[in-house]
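Please read them with the structure open.

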Amino acid sequence: MMETVTIQEASRRLRMSTKNIRLCIQAGELTAYRNTEGGRGWVVEMPDADWTSSLLAAEMSREFIPWWWADAQREGYVHYVQDLYASSFEEMVPRFLCGYESDNIWTATNLSRDIICPDCLEMAEERGLEVPD
């Protein structure tokens with residue numbers, strides 16, 4: 001019999017957000033059903049140990065561009081993402097070279113030097129990191 005766990009437990013074990021677990025269920029990549037034995041929630045059948053979701057595979061194969069907007073309106077400066085750290089299990093917080101932190105990051109395309117954070121640009125150049133022409 002296949003092991004079943006809560007969506008939250010599947011999220012923890014598969015190292016994916018609960019939102020992505022639900023998306024995998026909707027896409028048919030994971031099997032889930034209502035728990036009829038003593039619970040009101042949904043349970044997920046745990047996949048094989050080598051299982052990878054198409055969501056995760058697509059995300060991992062995408063080239064990472066280090067320059068991102070720090071707000072959804074794409075206003076202000078574009079910053080260089082130094083790293084991401086977990087503020088909780090489901091929340092990753094970007095930290096930029098200049099030290100600024102944001103709630104999220106939004107894709108920046110068609111970069112020009114006039115929209116880039118001067119501090120991030122200077123630090124990226126000093127470190128020999130990828131900078132736009």
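1. Start with V43. At 9% relative accessibility, under the 20% cut-off, this residue counts as buried. V43 belongs to strand 3. Bear in mind throughout that the model is predicted.

2. What does V43 touch, leaving aside its neighbours within four places in sequence? The contacts are T4, V5, T31, A32, Y33 and N35. V5 deserves a look. V5 and V43 are 38 residues apart along the chain, yet their C-alpha atoms are separated by 5.2 Å.

3. Now the overall layout. The protein chain has four helices and seven strands. In sequence order, the pattern reads β-α-α-β-β-α-β-β-β-β-α. The chain has 133 residues, and 29% of them count as buried. Take the contacts between residues at least 6 apart in sequence: 46% of these join residues at least 24 apart.

4. Next, helix 1, residues 7-14, and helix 2, residues 18-26. Two packed helices are described by the angle between their axes and the distance between the axes. Here the angle is about 105° and the axes are 9 Å apart. Angles of 65 to 115 degrees count as roughly perpendicular, so helix 1 is roughly perpendicular to helix 2. Helix 1 brings I7, Q8, A10, S11 and L14 to the contact, while helix 2 brings T18, I21, R22 and I25. By class, that contact has five nonpolar, three polar and one charged residues.

5. Which residues of helix 1 are buried? They are I7, A10, S11 and L14. These residues lie on the same side of helix 1, because they cover an arc of only 105° around the axis. The buried residues of helix 1 pack against helix 2, strand 1 (4-6) and strand 3 (42-45). Strand 3 is also where V43 sits.

6. The S11 side chain reaches the backbone oxygen of M16 at 2.4 Å.

7. Finally, check the backbone at R15. This residue comes just after helix 1 and takes a positive phi of about 55°.

Methods:
Residues are numbered from 1 along each chain as its sequence is written. This is a predicted model: local features need pLDDT of at least 70, side-chain atom pairs count only at pLDDT 80 or more; totals for chains, interfaces and linings use all residues. Side-chain values use heavy atoms; hydrogens and water are left out. Axes are lines fitted to C-alpha atoms, for helices over the stretch in contact, and angles run from 0 to 180 degrees between N-to-C directions. Helices (H or I, at least four residues) and strands (E, at least two) are DSSP runs, numbered from the N terminus. Angles under 35 degrees count as roughly parallel, over 145 as roughly antiparallel, 65 to 115 as roughly perpendicular and the rest as oblique. Contact means heavy atoms within 4.5 Å. Ala, Val, Leu, Ile, Met, Phe, Trp, Tyr, Cys and Pro count as nonpolar, Asp, Glu, Lys and Arg as charged, and the others, Gly among them, as polar. A polar contact is a pair of N or O atoms within 3.5 Å; within protein, one must be able to donate a hydrogen and the other to accept it, and residues adjacent in sequence count only if both atoms are side-chain atoms. Buried means under 20% relative accessible area, exposed over 50%, partly exposed in between (1.4 Å probe, protein chains only). The arc is that of the directions from the helix axis to the C-beta atoms.
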